[in-house]
Amino acid sequence: MKRIELHRSFVKNFAKRIVRNKKLSAQYEKRVDMFIGGKRDAPLYDHPLAADLQGRRAFSITADVRVIYIELEDKILFIDIGSHNQVY
C-alpha cells in the first residue's frame with residue numbers, strides 16, 4: 001500500500017471540521033483503516049471526480065462527509081475533508 005500524506009489544507013480543514021466531534025473523528029479513523037486495507041466499495045464508495053475536480057477521487061466517512069484525494073505514483077495525498085457542500 002502506498003503511504004498517505006496530508007496536504008496542509010486537509011490538516012487545516014480536519015482540525016476545523018472534524019476533530020472537535022469525537023464520534024466523527026472515530027468514524028474517520030475506521031474508514032481510513034478500511035481505505036488503507038484496500039477496501040473501496042461500500043461503505044467507502046470510493047469514486048473518481050469529474051469536471052473541475054477531474055483527476056481526484058473521493059471516499060465517504062459518513063453519508064455526508066468526504067475525503068478528497070489524489071493517487072500519485074508513490075503516495076496518496078489527502079487534499080480535503082468536509083461535508084459534500086464544503087468539498088465540492
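Residues are numbered from 1 along each chain as its sequence is written, and side-chain values use heavy atoms, with hydrogens and water left out. Because the model is predicted, local features need pLDDT of at least 70 and side-chain atom pairs count only at pLDDT 80 or more, while totals for chains, interfaces and linings use all residues.

**Exercise 1. Find what span helix 2 should have, and compare it with the model.**

Step 1. Helices (H or I, at least four residues) and strands (E, at least two) are DSSP runs, numbered from the N terminus, and helix 2 covers residues 22-36, which makes 15 residues.

Step 2. The expected span is 1.5 Å times one less than the number of residues, so helix 2 should span 21 Å.

Step 3. The end C-alpha atoms of helix 2 are 21 Å apart, which agrees with that expectation.

**Exercise 2. Work out which residues of helix 2 are buried, and where they sit around the axis.**

Step 1. Buried means under 20% relative accessible area, exposed over 50%, and partly exposed in between (1.4 Å probe, protein chains only).

Step 2. By this rule the buried residues of helix 2 are Leu24, Ser25, Tyr28, Arg31, Val32 and Phe35. They cover an arc (taken from the directions from the helix axis to the C-beta atoms) of only 130°, which puts them on the same side of helix 2.

Step 3. An α-helix has 3.6 residues a turn, so residues three or four places apart point the same way.

Step 4. The face turned away from the buried side carries the exposed residues Lys22, Lys23, Lys30 and Asp33.

**Exercise 3. Describe the order and pairing of the strands.**

Step 1. Two strands pair if DSSP finds at least two bridges between them. Five strands form an open sheet in the order 1-5-4-3-2, and the pairing is mixed. Strand 1 and strand 2 are the edge strands, each pairing on one side only.

Step 2. Strand 1 and strand 5 run parallel and are joined by four bridges; within strand 5, Ile76 is the bridge partner of Ile4.

Step 3. Strand 4 and strand 5 run antiparallel with seven bridges between them, and a hairpin of three residues connects the two.

Step 4. Strand 3 and strand 4 are also paired in the antiparallel sense, over four bridges, and Arg57 stands opposite Tyr69 in strand 4.

Step 5. Strand 5 is mostly covered, since nine of its nine residues are buried.

**Exercise 4. Decide whether Asp46 counts as buried or exposed, and name what surrounds this residue.**

Step 1. Asp46 belongs to the loop between helix 2 and strand 2, and its relative accessibility is 12%, so Asp46 counts as buried.

Step 2. Leaving aside neighbours within four places in sequence, Asp46 is in contact (heavy atoms within 4.5 Å) with Phe35, Arg40, Arg57, Ala58, Phe59 and Tyr69.

Step 3. The side chains of Asp46 and Arg57 are joined by a polar contact of 2.7 Å. Such a contact is a pair of N or O atoms within 3.5 Å; within protein, one must be able to donate a hydrogen and the other to accept it, and residues adjacent in sequence count only if both atoms are side-chain atoms.
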